[in-house]
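Visitor: I have a structure open and would like to learn how to read it. Where do we begin?

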Amino acid sequence: MEQLDALLLARLQFAFTVAVHIIFPAISIGLASFLTVLEWRHLLTGDRIYKDMFLFWSKIFAVSFGMGVVSGVVMAYEFGTNWSEFSRVAGNITGPLLTYEVLTAFFLEAGFLGVMIFGWERVGPKGHFFATAMVALGTLISTFWILSSNSFMQTPQGYAMVDGRIVPADWLKVIFNPSFPYRLAHMTIAAFIVAGFIVAACAAYHLLKGRRDKPVKRSFSMALWLLLILAPVQILIGDAHGLNTLKHQPVKIAAIEGLWETEKGGTSLNAFGWPDMEAEETRYALKIPHMGSVILTHSWDGEIHGMKEFPKEDRPPSYIVFWSFRIMAGLGMLMLLVAALGLLLRKGGKLYETRWYQKFVFYMGPSGIIALVAGWVTTEVGRQPWTVYGILRTVDSVSPISSQQAGVSLLIFVVVYFLVFGTGVYYMLKLMKKGPVELTPDEFSRPNPGLHNRPLDVLKKE
Amino acid sequence: MQLDLAVIWATIIALGVFIYVTLDGFDLGIGLLFPFVESKEERQVMLNTVAPVWDGNETFLVLGGAGLFGAFPIVYSTLLPACYLPLILMVVGLIFRGAAFEIRAKAHRTQALWDLAFVCGSALASFCQGITLGALLQGIKIADGKFVGGAFDWLSPFSVFCGIGVLVTYAALGCGWLIMKTDGELQKKMRMVMNPMVGVLLLIIGIISLWTVLGLPAVAHRWFGSGNLVYFLPVPILVVVCVWGVFKTVREGHESMPFYLTLALCFLGFSGLVISIWPNIIPPSLTIWDASSSRESQLFALVGTLIILPIILVYHFMQYRVFKGKVREGDAGYHH
C-alpha cells in the first residue's frame, strides 16, 4: 500500500514538474528562431525597427530561458530520485541520448546566450547574429534529442533485453524510432505556434490600447503570417501522427476516441462523451457515423480496434486522454480560424483597425500553451500503464522511496514553483504590457542601444 | 586489447564534476559573499561579473548528471534515491538563485526579498552539494544494484561538516573571482576577506582528511597501505604551498593569482577525494565497472563526447574572453 502511494505521488510530481517545465522551453524554442529572423532582417535591410523588436523580445526570451533551465534541472534529477528503476532498466538508452542533448544543445545555448543578451558592446553585429543563431540552433537540437528519447519510450525499437535491462542494439534504429519524425515535427511547430500566439497577443494588446507604431504593427503582422502557414501544417502533421499512433499504439487511439467495441463496416466518432473505465462504455456519447474511420484511417469503413480487445491492465485512462485530445484539437481549429480571418482582414486592409479581431487574438494568447500541454497529456497519459511501451510498466519504474519522501518533495515543488515561476511569468507579462519601444536615432547611434533599453528602464517609466 | 571504457568515462565525469565545482563554485560563492557587501551598487557589480556566464557554468552540473545517467546508470539509480532530500533541496536552492538572477533587477518593492532568495538559494545549494559529497564518502548501502538504506542515511556529523566545507570552498572561489574581476572599494573588501577564508579552508581540508583517514579504514588503506604513498604525497604538500601562495599574492596586491591559486587548491582537494575512493564510484563496494552501462551505450556516448567536449571547452573559453576585464558600475548587466 505504501509503495502504491509513493507511486501515485511520484507520478503527480512528475506530471506537475514536467507540465510547468515544457511551457518555458516551448516559448524559448519559438522566440529564439523569431529573434534570429529579426536580427537577420536587421542585418540585411538595416531597418532599425527590427532591432527595436529584437531588444524587446530578447528580454522576454531571457526570462523564459532562465525559467526553462532551472525547471529542467529538476527533471533530470527526478529520473534518479523518483524513477530509479526506470533509470536502471532504461538508462542504457535514455542516458546516452540525454548526454548528447547536454553536449550538443545545452552547451551551445549556454555558451552563446551570454553574448546574445549582454554582448552587444563586445562583439560586432555579425558576431552577435552568429551568437543568436547558435542559441536558436541549440534549442532545436535540444528538441531533437529529448523527443528522440521520449519517442523511444513510446515506440521502442533497436534494443535487446539483457539481464532485465534494455540495452541498445542499433543506435540509428533507437534514435529514429517509428514515432520520432512525427513527434519531432509536431512539437517543433507547436513551439513556434506557442511563441507566435504570444507575440500576436502582445501586439494585439497594444493595438487595442491605441498604439500604431511600427514595432507593434510589425510584430502583429509577422506573427500572423507565421500562424497562417503553421496552423494548417500543424493540423496535417497531427493527422499523420495520429495514423502513426494507430499503427504502433492502437489502444492509445481507442482510448483517445473512447472506443470500446471494434465496429464492423465503419467506425463512428464519439464527438463528445464520458468514457467510463469500469462500465467499459462511453456515456452520453454523441456519435457521428463513419467519421472515426474517415479521420483515423482516411477511408469510409476502416476498422479500428476498440479497447475491449486489449487486456484491462493495458488500457490507458480514457477519460483523461479523450478530453485532453479534444481540447488540443479544438484549439487547433480555433487557431486556424484566427489565421484565416487575419488573412481576410489583411486583404481588406483592416488588420490594424479591427477591434473585435484584436480582442480575439488577445484572448487566444495562451492557446498555444494550453494546446501544447493538452497534447503532451494525451500522448503521455496515453502511454500508460507503461513508461517504456510494452517493456517496462510505470508501477515497476518507481524508486524505493517512502510516500513521506515523495509527498514532502511534491509539496516543496508545488510551493516553490508557484512562487518562483509565478513571479517569472508575472515579470514576463509586465514586460509585455509595456511593449516594444521605438528608439530615437540618437539613442540608437550609441555604441550599445541595448543598455538603454534594459528591462528596468522600461519599468521605471511607469 | 580492449579499451577500458569505464575508466575513460570515470575520468570524463570526474573532469566534468571538477569543472562544475570550480565554475559554479565561484558564482555560487558570489551569493555567499552577498551578506558581506551592503551597498546596492556593489552587489550589482558582483552579479554582473557572472551574469553572462552563470548558466553556462550550471550546465556542467547537468552534464555530470547526464554523463552519470549515460555511463553509470547504477550510480543514478542508487546515489540519487539515497540522497533524496539533499538533492531535492539543492535543486530548490538552484531554482531560487537562478530565478533571482533574472528577476532581481526587474523587481523594485521586492528586491530585498530576491536578494535574500539569492543568498539562501546559493547557500542551500552549496551546503546540499557538500552533504551529498559527505554521504558518498561515508558510503551507501547497496544490494543487487539497488539502494537498500534508510531515508536519512545521508545525515551524519561528517556529511554536515562536508556541507560547511563546500560552503567555505565556494566562498573562497567567489572571493578570488571578485578580486580578479573588480577594483576599487569592492576589491579592497574582498582582499580583506580572502586570507581568513583560505585559512579556514585549509583547516577544513585538514580536518576532512584526518576524519576520512581515521574514520574510514578503506581510505586509510588507499593512502597508506597500498604502497603508493610516494605518488600521493605531493597532494598535501602542494595544498600547503597553494595556501601560502594565496596569502602572499593577496598581500602583494596581485589581481588574478589569488583566484588561480584557489582553483589549484580545489583541484588538489578534488584529487585527494578521487584518490580516496578510486576505483569505487560509490563506496564502500560499487566499483566503476559494476556501475557501468552496456559497452554499446558507453561507446556511443563516448564518441560524441570526445568530439564535442573539446569544442564546448573552446567556446566557453571564448565566452570568458569576450567578457574579460574588470566589471565596473554601469557596465552591461542585468540592472542598468
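**Reading the model feature by feature**

Guide: This is a predicted model. Start with one side chain: A:I370 touches A:I327 and A:L331, leaving aside residues up to four places away in sequence.

Visitor: Which helix holds A:I370?

Guide: Helix α12 of chain A, residues 367-381.

Visitor: Is A:I370 buried, exposed or partly exposed?

Guide: Count the neighbours. A residue is buried at 20 or more other C-beta atoms within 10 Å, and exposed at 12 or fewer. A:I370 has 16, so it is partly exposed.

Visitor: How do strands β3 and β4 of chain A run, and how many bridges join them?

Guide: They run antiparallel, joined by 6 bridges. One pairing is A:F272 with A:L286 in β4(A). The two strands form a hairpin with 4 residues between them. In the turn, A:E280 has a positive phi of about 55°.

Visitor: How many residues of chain B are in contact with chain A?

Guide: 59 residues of chain B meet 59 of chain A. Elements of chain B supplying at least two residues each include α3 (54-71) and α13 (295-322). By type, chain B's side divides into 35 nonpolar, 18 polar and 6 charged residues.

Notes:
Residues numbered from 1 in each chain as written. Chains lettered and ligands numbered in written order. Predicted model: local features only at pLDDT ≥ 70, side-chain atom pairs only at ≥ 80, totals over all residues. Contact = placed C-beta atoms within 7 Å. Nonpolar A, V, L, I, M, F, W, Y, C, P; charged D, E, K, R; others polar. Pairing = 2+ DSSP bridges.
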